[in-house]
Amino acid sequence: MSEPLREASGPALPLPPPPANSDTHKGWLHKWTNYLKGYQRRWFVLSNGLLSYYRTQAEMGHTCRGTINLATTHIDIEDSCTFVLSDSGRTYHLKASSEVERQHWVTALELAKSKAIRMMNNQSGDEKIL
């Protein structure tokens, strides 16, 4: 139930916070593309420490536009609705429809990032034992 609720012609209503035990978070965000097109609406899916994005929900089955590995990503809050993800050489400016929605996303991303780092450390620890 992470999709924003929409009225026929109204703005997205705030999302409820993701469940504490949820490893998946989905919803619409606006992603900065370039100075010509500005922010473009994209469908984002957070799962297993990876944040993937698509042009539409229907694309999920076949055309991922990009994936961000949160274990190696730095998360910054830019303003009330915007946050920035940066990893090795790439920077993603993402804008939520409200401050509340931005905070839900940032919280979910930070939790997924810390879980991904723990899993990565556990795997590297297992390799040292072998």
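Predicted model: local features only at pLDDT ≥ 70, side-chain atom pairs only at ≥ 80, totals over all residues.
Two strands count as paired if DSSP finds at least two bridges between them.

**Entry: β3 and β4**
I began with strand β3, residues 50-54, and found 4 bridges joining it to β4. The two strands run antiparallel. Which residue of β4 is the bridge partner of serine 52? I looked it up, and it is threonine 67.

**Entry: charged pairs**
Side chains of opposite charge can pair when their charged atoms come close. How many salt bridges does the structure hold? I found 1. Its partners are glutamate 59 and arginine 65, with the closest N and O atoms 2.6 Å apart. Glutamate 59 counts as buried because its relative accessibility is 10%, under the 20% cut-off. Arginine 65, at 36%, counts as partly exposed.

**Entry: lysine 31**
My last stop was lysine 31, in strand β1 (residues 24-34). Lysine 31 is buried yet has no salt bridge. Where is the nearest side chain of opposite charge? That is aspartate 87, 11 Å away. I then listed the contacts of lysine 31, leaving aside neighbours within four places in sequence. Among them are Gly38, Tyr39, Gln40, Arg42 and Phe44. The list also includes Tyr53, Tyr92, His93 and Leu94.

How values were computed: Residues numbered from 1 in each chain as written. Heavy atoms only, no water. Salt bridge = Lys/Arg side-chain N within 4 Å of Asp/Glu carboxyl O. Buried < 20%, exposed > 50% of the residue type's maximum accessible area, 1.4 Å probe, protein only. Lys, Arg positive; Asp, Glu negative; His and termini not counted. Contact = heavy atoms within 4.5 Å.
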